[in-house]
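Me: I have a sequence and a model open. Show me how to read the features, one at a time.

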Amino acid sequence: MSDEDSKYLRRNIVFKQSELKKLEDIYAESGNQLVVMYGPMNCEKEALIRAFLETRKHFYYRARKASAKEQLKMMGEEVARKFDVRIQRESYDEYINRVKSGNPTKLVVVIDEFEHIAKKDPAFIESILKLKNRRLYPGPVMIILASSSIVWAEQDMPGVLGEEAMSKIDAKIKIPNLNFLEVVRAFPELTVSETIKIYGVLGGVPGYLKYWKKRKTFKQNICDFILSENGYFFKRAEELVSSELRELSVYNTILMAIAKGENKLNDLYHYTGYSRPKISVYMKNLSQFDIIEKVVSFETGGWDNAKKGVYRIKDTYINFYYRFVYPHLSDLYMMEPEEFYDIYIEKELDDYLNRYFINVCMEYLSLLNQIRRLPLAVTKMGTWVGKTGNIDIIAQSVDRQNIVGICNWEKEEFTLGMCKDLFDSMTKAKITSNHIYLFSATSFSPDVIELARLDKRFELVDMKEL
């Protein structure tokens with residue numbers, strides 16, 4: 001990587017400002033705190049930690065995959081070097097004791113990727129509990145145990161740490177991906193439409209977004225970073241899937257099937273040839289890593305007309321990869337990236353992006369709800385997936401009044417026929433609404449504009465409004 005590219009990445013690092021605020025609020029509390037903070041790879045927790053520690057007295061150690069003995073040695077060497085002290089004995093108690101205070105402000109101790117220590121050395125957690133209980137350090141302290149493994153933090157950690165240690169944790173912070181508004185803020189020079197396209201490829205993963213070059217076109221970025229052999233994302237999807245999951249060939253087969261639209265358990269059974277119990281196990285594993293999700297239709301009276309047990313790929317980039325790239329790998333290696341893009345991505349891109357436009361429209365309604373600019377106080381929101389026809393958005397109040405929304409990303413204009421299709425789906429779903437939001441990334445036909453003028457149930461929202 002060139003010096004210019006390195007500088008570009010440093011300038012474009014983004015992270016969840018809301019999570020930084022959570023850390024600052026916890027730090028402001030009196031006494032000692034123990035925090036577990038975790039998120040997926042590329043959530044940029046390191047950038048978040050750097051921002052939090054910038055003006056605070058701290059000790060940071062990043063654990064490695066190493067033996068318990070080697071880990072102990074490495075931390076001791078870092079404590080000795082950073083605080084210019086002589087270590088008397090190799091123990092975590094000794095290391096924490098040797099951290100110099102410097103001033104009376106609260107000390108922050110961060111152990112990053114702490115699972116690499118906790119799994120192999122029970123003495124580490126014992127020392128952390130002593131630190132929390134003021135037995136190793138006299139002043140106030142905030143301890144942050146950070147991890148890039150969701151499965152470790154949510155499933156394995158309680159068994160390894162034990163009940164006593166788990167009971168001492170004051171806060172668990174799971175770092176989510178950026179929402180669309182935060183992605184927009186990361187690309188202020190781009191239009192909303194351009195940002196939706198980026199969002200539909202990379203999602204809100206901070207560690208991915210920093211690679212996107214604003215001065216290049218959408219196509220150029222896809223060709224450079226995804227379709228080129230030296231691009232950062234070229235093998236990224238399969239590396240992510242195989243990082244903690246075995247039998248990549250099975251997962252590849254299932255993910256490609258879902259990306260193709262084989263999204264029910266029975267569909268996957270017929271497509272893959274795997275047994276239903278086997279598929280269920282693999283689907284559970286993929287769900288635990290936030291790679292896939294089960295879509296449940298918004299609960300209405302039309303349950304008989306709704307699809308049940310529909311799966312889709314939740315991870316945005318993995319969804320893009322298995323939809324457009326993985327099925328055509330032979331041609332990817334034989335073609336120039338631009339040719340591959342024109343043949344396999346360009347024509348189907350808008351159909352693919354419609355799902356993410358719906359997500360953006362949902363977020364728009366959620367923001368309006370937060371500032372009380374919706375006609376109803378919404379308490380839940382979702383999508384109705386019908387056997388024939390869908391309702392993109394249903395937002396409901398506590399007294400079961402509905403706001404209904406339909407979203408057009410790919411058609412040249414929003415037509416009256418789309419409104420009729422919506423009403424057909426509402427009949428099948430057995431719901432009514434006095435508030436209907438029509439979203440369009442393009443334009444509205446004259447008869448739809450006239451309809452909205454005469455019928456006050458309708459609200460038109462275009463890209464300018466978004």
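Me: Which backbone nitrogen does a side-chain oxygen of Ser149 reach at the start of H8?
Reply: Look for a polar contact, a pair of N or O atoms within 3.5 Å; within protein, one must be able to donate a hydrogen and the other to accept it, and residues adjacent in sequence count only if both atoms are side-chain atoms. Here the side-chain oxygen of Ser149 comes within 3.1 Å of the backbone nitrogen of Trp152. Helices (H or I, at least four residues) and strands (E, at least two) are DSSP runs, numbered from the N terminus. This is a predicted model: local features need pLDDT of at least 70, side-chain atom pairs count only at pLDDT 80 or more, and totals for chains, interfaces and linings use all residues. Residues are numbered from 1 along each chain as its sequence is written, and side-chain values use heavy atoms, with hydrogens and water left out.

Me: What span should helix H8 have?
Reply: The expected span is 1.5 Å times one less than the number of residues. H8 covers residues 150–161, 12 residues, so it should span 16 Å. Its end C-alpha atoms are 16 Å apart, which agrees. After H8 comes Gly162, with a positive phi near 90°.

Me: Which residues of H8 are buried?
Reply: Buried means under 20% relative accessible area, exposed over 50%, partly exposed in between (1.4 Å probe, protein chains only). In H8 the buried residues are Ile150, Val151, Trp152, Ala153, Met157 and Leu161. They fall within an arc of 145° seen down the axis of H8, so they line one face of the helix. The arc is taken from the directions from the helix axis to the C-beta atoms.

Me: Why do residues three or four places apart point the same way in an α-helix?
Reply: An α-helix has 3.6 residues a turn, so residues at that spacing point the same way. Now try H2, residues 17–28. Its buried residues are Glu19, Leu20, Leu23, Ile26 and Tyr27. They cover an arc of only 125° around the axis, which puts them on the same side of H2. Gln17 and Ala28, on the other side, are exposed.

Me: What do the buried residues of H2 pack against?
Reply: Contact means heavy atoms within 4.5 Å. The buried residues of H2 pack against E1, helix H3 (45–53), E3, strand E4 (141–147) and E5.

Me: How many bridges join E1 to E5?
Reply: Two strands pair if DSSP finds at least two bridges between them. Strand E1 (residues 33–38) and E5 run parallel, joined by four bridges. Met37 has Ile173 in E5 as its bridge partner. The side chains of E5 (residues 171–174) alternate.

Me: In which sense do E8 and E9 run, parallel or antiparallel?
Reply: Antiparallel: six bridges join strand E8 (residues 378–385) to E9. Lys380 stands opposite Gln396 in E9. The two strands form a hairpin with four residues between them, and Gly389 in the turn has a positive phi of about 90°. E9 also pairs with strand E10 (residues 402–408), antiparallel, over four bridges. There Gln396 stands opposite Asn402 in E10. E9 and E10 form a hairpin too, with four residues between them and Arg400 in the turn at a positive phi of about 65°. Seven of the eight residues of E9 (residues 390–397) are buried, so the strand is largely enclosed by the rest of the structure.

Me: Which residues touch the most other members of the largest nonpolar core?
Reply: A nonpolar core is a set of buried Ala, Val, Leu, Ile, Met, Phe, Trp, Tyr and Cys residues joined through side-chain atoms within 4.5 Å. The largest has 84 residues, and Ile222, Leu227, Tyr317, Phe320, Tyr322 and Phe439 touch the most other members. Helix H21 (residues 349–370) gives the most to this core, 12 residues. Apart from that core lies another, of 40 residues, among them Val36, Tyr61, Phe114 and Ala165.

Me: Is Asn221 buried or exposed?
Reply: Buried, because its relative accessibility is 0%. Asn221 is in helix H13 (residues 218–225). A polar atom of its side chain lies 3.4 Å from the backbone oxygen of Lys216.
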